[in-house]
Amino acid sequence: MQSPAIDLTVHHRPKGAADRVAFGFVKLLRFCADTFFAKRYGHRAVVLETVAAVPGMVGATLNHLKCLRRMCDDRGWIKTLMDEAENERMHLMTFIEVAKPTLFERFVVVAAQWVFYLFFFGLYLISPKTAHRVVGYFEEEAVISYTHYLAEIDEGRSENVPAPAIAKAYWNLPDDATLRDVVEVVRADEAHHRDVNHDFANELAGLPQGVVAPCPPHVTLEPAWKQAA
């Protein structure tokens, strides 16, 4: 499968104090991840995708409640953010099959999720623009990490194992798809989330919108009761 072409050089230059704080915070997270995981990219993905799946759900919830209070249209934000959260969760489910996290790493996942959820919920209440900018920078770093992961696979330092069945089903990958194919399509997902969240932040700041990287095609997950109906 050929993943969509993406611009690996995209970076939103911080404009103002809030952007600089958002950028600095994400760089701090990047330093912690590099220190803790080094080049164990599969294990890094398990923990970071748990964190990455939080903002979309928080943003969707708070925008939903805001629209109910104000009795106004959401302009498609809620569905977009819910899709982002679901997509990031599928990244997590995929890399669990690849990395087989240890009991300690599962504990780190739980701790990181609660800490980041409470932090991001509070941040979104105070400044949705800064919250989306944090996610945009977070996804910039994710694109970089998955690019490094691809290099590790290409240079033989990470085994290019067969793609997990859950990934082949979700992204409609061929039967002979490998981990490299999965990492490519996940990187394209992250580039899409990067551009969407920077655009949300720009819209809230009254700045011009940018170009959004295409989202790789994937199946729409349906509840079990719909399948049985």
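Glu152 and Arg157 form a salt bridge, with their closest N and O atoms 3.0 Å apart. Glu152 counts as buried, at 5% relative accessibility. The model is predicted. Across the whole structure, a search finds twelve salt bridges and zero disulfides.

**Salt bridges**

- Glu203 pairs with Arg75 in a salt bridge, and the closest N and O atoms are 2.5 Å apart.
- Glu203 sits in helix H7, residues 179-205, while Arg75 sits in the loop between helix H2 (41-70) and helix H3 (77-99), so this pair ties together parts that are 128 residues apart in sequence.
- Glu203 is partly exposed, with a relative accessible area of 33%.
- Arg75 is exposed, with a relative accessible area of 53%.
- Arg194 forms a salt bridge with Asp195, the closest N and O atoms lying 2.7 Å apart.
- Both Arg194 and Asp195 are buried.
- A network of salt bridges links Asp19, Lys129 and Arg133.

**Cysteines**

- The search for disulfides covers the whole structure and finds zero.
- A disulfide is a covalent bond between the sulfur atoms of two cysteines.
- For Cys67, the closest cysteine sulfur belongs to Cys72, and the separation of 4.1 Å is too far for a bond.
- The cut-off for a disulfide is a sulfur pair within 2.5 Å.
- Cys67 counts as buried, at 11% relative accessibility.
- Cys215 counts as partly exposed, at 33% relative accessibility.

**Packing of H3 and H7**

- The axes of H3 and H7 come within 11 Å and cross at roughly 150 degrees.
- That makes H3 roughly antiparallel to H7.
- The H3 and H7 crossing is left-handed.
- On the H3 side, the residues that meet H7 include Trp77, Leu81, Glu84, His91, Phe95 and Val98.
- On the H7 side, the residues that meet H3 include Leu179, Val183, Val186, His193, Phe200 and Leu204.

Key. Residues numbered from 1 in each chain as written. Predicted model: local features only at pLDDT ≥ 70, side-chain atom pairs only at ≥ 80, totals over all residues. Heavy atoms only, no water. Salt bridge = Lys/Arg side-chain N within 4 Å of Asp/Glu carboxyl O. Helix = DSSP H or I, 4+ residues; strand = E, 2+ residues; numbered from the N terminus. Buried < 20%, exposed > 50% of the residue type's maximum accessible area, 1.4 Å probe, protein only. Axes fitted to C-alpha atoms, helices over the stretch in contact; angles between N-to-C directions. Parallel < 35°, antiparallel > 145°, perpendicular 65-115°, else oblique. Left-handed = near helix turned anticlockwise from the far one by under 90°. Contact = heavy atoms within 4.5 Å.
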